[in-house]
Amino acid sequence: MPPLVLASDFGIVSPYPGQMELAARACGWAGDIVQLWHEWPSFRVDLGPVLLPRLVRPLPLGSVVVAVVDPGVGSDRRVVAVPWQGATWIAPDNGLLSAILGEGAPSYDLEDYRPVASSAHTFHGRDWMVAAAADFLTGRASLADLPFAPNPTMCSLPPPGLAFWDAFGNAVTTCPWEGGAAGAWWSAEGCLTQVEHFSQQPPGRLVAVRGSLGLWEVAVVEGSARQHLDGTLDLLCWKDQ
Amino acid sequence: MPPLVLASDFGIVSPYPGQMELAARACGWAGDIVQLWHEWPSFRVDLGPVLLPRLVRPLPLGSVVVAVVDPGVGSDRRVVAVPWQGATWIAPDNGLLSAILGEGAPSYDLEDYRPVASSAHTFHGRDWMVAAAADFLTGRASLADLPFAPNPTMCSLPPPGLAFWDAFGNAVTTCPWEGGAAGAWWSAEGCLTQVEHFSQQPPGRLVAVRGSLGLWEVAVVEGSARQHLDGTLDLLCWKDQ
Amino acid sequence: MPPLVLASDFGIVSPYPGQMELAARACGWAGDIVQLWHEWPSFRVDLGPVLLPRLVRPLPLGSVVVAVVDPGVGSDRRVVAVPWQGATWIAPDNGLLSAILGEGAPSYDLEDYRPVASSAHTFHGRDWMVAAAADFLTGRASLADLPFAPNPTMCSLPPPGLAFWDAFGNAVTTCPWEGGAAGAWWSAEGCLTQVEHFSQQPPGRLVAVRGSLGLWEVAVVEGSARQHLDGTLDLLCWKDQ
C-alpha cells in the first residue's frame, strides 16, 4: 500500500508531527506513514515550487502527501487537493503547490472535509487534512467526487538564495543544477569550485556541491559552511550562465 | 490494530526513542508505533494531568500509551498500568497519570514484567514498559490478570504558567480554554487579545490563542513569543474569571 | 517481518532520514522501518565498534541495519554488507563495522547495487544502500550471491573519552562497564562515585552511572553534566583497573 507522507514547518521538537500520525491512525489508516520533514523554513511558502517535488523523489505510486506551511491556518483560506505524478497532494491554498498547479494539474476543494464542530482553529493538519488523506488512501473518497477549487493561489519562484541549512551546516540553495540549469555561485575570490562529492577537494575548502536534491549546495569540505559564512550567503552571489 | 504510542522526556536528539521502537519490534510487536513526543519538559511530572490526555486526542481504541518522565528511574518505584477511555496507559508510578487515576481508574502493578537479570537500571522504558506494552497489544497479557497497585502516587495540578515552548516560539500554557474554563492572560497593558487563529490580528501583536491542545497559548502573530518575552512568562499574569 | 533499521550522522532536523524512509517504500519495502538514531557524531567512524552493536540491542532476527557515517560519500569507496548475529549490516567501507568484521564476519561488495545513471553523488544512503536493504529484506537478493569485498577497512578502538552528550546532558563515554571491563572516571577530587541509578545520590552530585548502552556515563543527578563540565571531559581522566 502506498504511504501517507507528512511534511510541515511544525518543528521536530514539537508534538504536532506525532499528533498528526496519531490522528491518521484514529481515522483508520493502517498503512505506512512517512514523517518526511518538519523543519520547512517558517512562512517560506515560496520555497514550495523548489523543494516540495524534490523532497519526495522517489515517490511511491498512489502516495498521499500532506504538506502544511503557514501562513493562513485557521482563517477562511481553502485546503486543496491536487493530483500529480500518480500521487495526491494536500496543502493549504497559499501557493505551496504552485509548481504542480503550474503544470496544469486541477485543484480540488476539501471544504467537505472541514470539521463542522471543531473547537480549535489552529491545527488543520491534524483535524482536517489527515482525515481527507486517510479517505483517499483507503478509497473511501476520490478526487473525482470533489468540486473544483478555481483560481488556486500561485506564487512565483524564489530568487537565488538559501533554502535551508542542513545539519552538517551545508547551505541548500534555491538554484537547480539538474535539468541543464546553468549558473554558478561566486565569492569575492571568483567562482566557487564545483564538485560532485566532497572527496574532490581538501578539508576547509568552500565549494559548490551538486546536492542530492538536485540543487546547488554551498559547503565547506569536512566543515560547516554555516559557521564559515556566519549564517548568511550575503558574501556570495549567483550568476546565471 | 491499535498502535503503541510512545512519549517521554528523552529528547529527540537521543537514541533512546529509536531504541524503544526497536525493543518493541524485538518483543514481537508488528503493528503500528507512534513516536508521539519526546520533548516533555524534564522532571515536570506535574504536567501529566494537563498534557498527557490532551496530546493523545484522538486516541485509537485499544491503544497502549507508554509515557516515561523522570524522576525515579532505576529506583524501587513501581511501574503501573491504568485503563482509561478504551486504552491502556503505562508509566512510572510518580504521579504522571494523576488525571486518569483521579477519575477512579484502577492502577495495576507491572512488577511481573520487571526483567530479573537486567544489568542496567536506567532504561525502564526500553527494558520493562515496552515489553509489557507488547504483551497487552498482542493479547498475551491482560490487566485482569495483574495485581492491583494500591495507593498510586498522585500530584496536584500545576499553577498557571508555561507548559512548553513549541518550535514556533508559542508558549503553550497550563491554562485550559476548553470545557468552559474561564480566565485570561494579562500584561501590564491589559488583558491579552484573545483570538481563535492568527489571521485575526496583525503581525507582531502579542495575543492569547485558543490552542489546538485545548490550552491557552501566548503567541506573537507571525513572530516568536519566546523571543518577545525573553523565554519567560514573568511579565504576564493569569486571572481567573 | 524483521525491520529495516536506519542510523546516520544526518541530523534529525534534516530531510535526509525521511527521504531514506520514502526511498525504502518506493523500493517496495512494506515492513517496519525503525529510525534508530541520526545524531551520530560527525566523522566519528571510530565510534562504530563501541556504539553500533550497542545501539541495536535487542536486534530482531533478520533485521537489516543501514548505517551511514562519513567521510567518503560520493568517492570510489565501497559499500559493504556484513552478516552478524542473524542480521545484515550495510555501511560504507570506512571502518564503521570494524567490531563486527573483527569477529571474523565476511564482507560483501554492494557495487552491483550502485545506481549506474544516478546524477547526484552525495546521498548513497538513499540511492544505493536502501535499495540493497530492501532486496535483502524481501528475499530478492542474498549475501551468498554477492562477491566478497576483500581487505575491508578497519579502525582501532577510540581512546577513553566522550562518545556523545545525550539530551539530558549526560556524557555517554567510550568506556564499557559491561562484560567485566574494569576502570573508573576520576576528577581532581578522586574517583567519581559509581551508581546504578540516579536515586542513589543527591541532586547536583557528579557521578559515573552504569548506562543503558553498557557504557559508563558521566552525569549530574537531576542536572546537566554538559553544563557542569562546560561541554568537555577535560577535567576528568580514565584509569584502567
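A residue is termed buried under 20% relative accessible area, exposed over 50%, and partly exposed in between, with a 1.4 Å probe and protein chains only. By this criterion C:Ala99 is partly exposed, with a relative accessible area of 25%. The structure is a predicted model, in which local features need pLDDT of at least 70, side-chain atom pairs count only at pLDDT 80 or more, and totals for chains, interfaces and linings use all residues. Residues are numbered from 1 along each chain as its sequence is written, chains are lettered from A and ligands numbered from 1 in the order in which they are written, and side-chain values use heavy atoms, with hydrogens and water left out.

C:Ala99 belongs to helix H3 (residues 98-102) of chain C; helices (H or I, at least four residues) and strands (E, at least two) are DSSP runs, numbered from the N terminus. When neighbours within four places in sequence are set aside, C:Ala99 is in contact (heavy atoms within 4.5 Å) with C:Pro49 and C:Pro53. The C-alpha atoms of C:Ala99 and C:Pro49 are separated by 4.5 Å, although these residues are 50 residues apart along the chain.

Strand pairing in chain C was examined next. Two strands are taken to pair if DSSP finds at least two bridges between them. Strand S8 (residues 171-176) of chain C is mostly covered, five of its six residues being buried. Three bridges join S8(C) to strand S7 (residues 162-165) of chain C in the antiparallel sense, and C:Trp165 has C:Ala171 as its bridge partner in S8(C). S7(C) and S8(C) form a hairpin with five residues between them, and C:Gly169 in the turn has a positive phi of about 90 degrees. S8(C) also pairs with strand S13 (residues 215-220) of chain C, again antiparallel and over three bridges; here C:Val172 has C:Glu217 as its bridge partner.

In chain B, three strands form an open antiparallel sheet in the order S10-S9-S14. Its edge strands, S10 (190-191) and S14 (237-240), each pair on one side only. Strand S9 (residues 183-187) of chain B is paired with S10(B) over two antiparallel bridges, and B:Trp186 stands opposite B:Cys191 in S10(B).

The copies use different surfaces, as 3% of the contact residues of chain C recur in chain A.
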